[in-house]
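User: Could we go through the aromatic pairs and the nonpolar core of this model?

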Amino acid sequence: MLSILEQLQQTNPSAEIWWDSSPLDFPRWRASFLEGARDETARGRWAAQLDRFLIPGRPAGSLVRGVTTNPSLVAKSVLAAPDLWAAEIREQIRCQRSPDIEGTFALLYGEAVGRAATAMLPLWEATDGQYGWVSGQLDPRHMFDAERMLDQALRLARRAPNLMVKVPGTLQGYDVVRQLVARGISVNSTLSYTVPQFVSCARAVREGLEQARREGTDTSRWRAVFTHMIGRFGSQGDLPAEAATRGIELSPTEVRWAEIAVAKRIHRMIQEDGLPVKMLLSSLETDDPARGMPSLSMHLEQSAGGAIAYTCKPQFIADIMRRDGEFRGFDAHAIDGDVPPAVWEKLMRLPSFHRAITPHGMAPEEFASYGSFVSTYSEVIRNTRRLIDFVAHQLELSPPRQDALLVSGSIG
C-alpha cells in the first residue's frame with residue numbers, strides 16, 4: 001500500500017518529498033513512532049512505508065529527495081541527545097586556542113549541518129546534483145546584516161557540495177541571495193509567506209544568474225527553492241484578528257484557503273515565467289474534523305499536481321499516517337483549481353491577505369514587520385538562544401586546555 005506522500009508524489013513527476021529534520025534523527029523517530037502504533041496491522045503497514053520513506057545509508061533508494069534544517073531543528077536534535085553532542089562540544093573546545101561561546105556555537109552548528117549533508121551526499125552524487133540537497137540556515141540573529149550573512153553563507157557552502165544555504169526573506173536576505181546565486185551557490189529563501197517576497201526572490205535569482213553567466217560561473221549543479229511557510233501564514237498571522245475587527249466570520253477552512261491561495265499564485269507565477277525556482281511548502285498541517293474541516297490536509301490536497309517540494313516535519317508525517325484511513329485520494333489537477341469565489345471575496349477584505357496575495361502589496365522593507373514573519377522570527381531566536389546556552393554550559397563544565405590545536409572561527 002502506497003503512503004499518502006507516495007501518492008502525492010505520483011500526481012506530478014516534478015513533485016518532491018523532503019524531510020524537515022536531520023536524516024540522522026530519522027531512525028530514532030521511526031522507532032518511537034512505530035512503538036506507539038495502535039495495533040500490529042498498523043505497525044506493519046507504517047513500518048513498510050517508512051522503510052521506503054528514508055533509508056539510512058542509502059538515500060538514493062528513498063522517497064525523500066532533500067532535507068531542510070534550521071536553528072530550531074538543530075537545537076531540538078542536539079538537546080534530544082545531550083550526551084552525544086556534549087562530547088562533540090568538548091572536542092571542539094579542546095581544538096580551540098581561546099574557546100568562546102560564539103566560536104564553539106559556530107563549530108557545533110556547522111558540524112550538525114555538515115553531518116546531515118554527508119548523509120544525503122550519495123543521493124546528490126547519484127542524481128548529478130538534482131536531489132540530495134540539505135538546507136543549512138543562516139544565524140537568525142544576523143538576518144538584517146547582509147555582510148555577516150554572506151560571510152557565514154560562504155563558510156557553510158564550503159562544508160559540502162550538497163549544502164543549500166537557507167537565507168531569510170528580508171530586504172538584506174534577498175541581496176545575499178543575489179550574491180550567492182552569482183557565485184553558483186544553491187539557495188533556499190525562507191521565512192517567506194507572501195507573493196511580494198517571492199517577487200523579490202525571483203528578481204534576486206534572475207540578477208544572480210545573469211551575473212553568473214557574464215562571469216562564466218558554473219551553475220550546472222545549482223538549485224533554488226522558495227519556502228512558503230504555509231501553515232504559519234494562517235496560524236501565526238493577523239487574519240483572525242482582522243476578520244474580528246471587521247465583523248467577518250472566518251472559519252478554519254477559510255483560513256486554510258488563504259494559505260493555499262498564496263501557494264497557488266506563487267506556483268502559477270513560477271510556471272508562467274519559467275523561473276528555475278521551485279516552491280517548497282513547509283509548516284504543513286492536518287485539518288481538524290471537530291472544527292468542521294472535511295479534509296485530511298488541505299495543504300496537500302489543494303496543491304496536488306504541482307511541481308512542488310513538500311518538506312515534512314516528523315509530527316506531520318505521524319499525523320497523516322495515523323489518519324490514513326480517512327484519506328480518499330488526490331485530484332492531480334487540484335493545484336490549478338481556484339479559491340471559492342465567496343471565500344476569495346471575504347479574504348480580500350482583510351488587509352494582511354490583500355498585502356500577501358498582491359505581487360507588489362509590500363515593499364521589501366516591510367517584510368520583517370509582517371505578522372507571520374514576526375512570530376516565526378521570535379520562535380527561531382528563542383530556540384537559537386537555547387542552543388547557545390547549551391554550548392555555554394559545556395564551556396562552564398570544560399575549562400579550555402592549554403595545549404589546544406587551532407583557533408576557532410566565529411559567527412558573532
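Analyst: Rings of Phe, Tyr and Trp (its six-membered ring) pair if their centres lie within 6.5 Å; planes under 30 degrees apart count as stacked, over 60 as edge-to-face and the rest as tilted. The model is predicted, so local features need pLDDT of at least 70 and side-chain atom pairs pLDDT 80 or more, while totals for chains, interfaces and linings use all residues. Residues are numbered from 1 along each chain as its sequence is written, and side-chain values use heavy atoms, without hydrogens and water.

User: How many aromatic pairs does the rule give?

Analyst: The count is 16 aromatic pairs. One of them joins Trp 124 and Trp 133 edge-to-face, at 5.9 Å centre to centre with 85° between the planes.

User: Is Trp 133 buried or exposed?

Analyst: Trp 133 is buried, at 2% relative accessibility; buried means under 20% relative accessible area, exposed over 50%, and partly exposed in between (1.4 Å probe, protein chains only). Trp 124 is also buried, at 6%.

User: Which rings are linked into a cluster?

Analyst: Ring pairs join Trp 19, Phe 26, Trp 29, Phe 33, Trp 46 and Phe 53.

User: Now the core: which residues touch the most other members?

Analyst: Leu 5 and Phe 53 do, in the largest nonpolar core, which has 124 residues. Such a core is a set of buried Ala, Val, Leu, Ile, Met, Phe, Trp, Tyr and Cys residues joined through side-chain atoms within 4.5 Å.

User: What lies apart from it?

Analyst: Another core, of 7 residues, lies apart from the largest one; Trp 18, Trp 133, Val 225 and Leu 280 are among its members.
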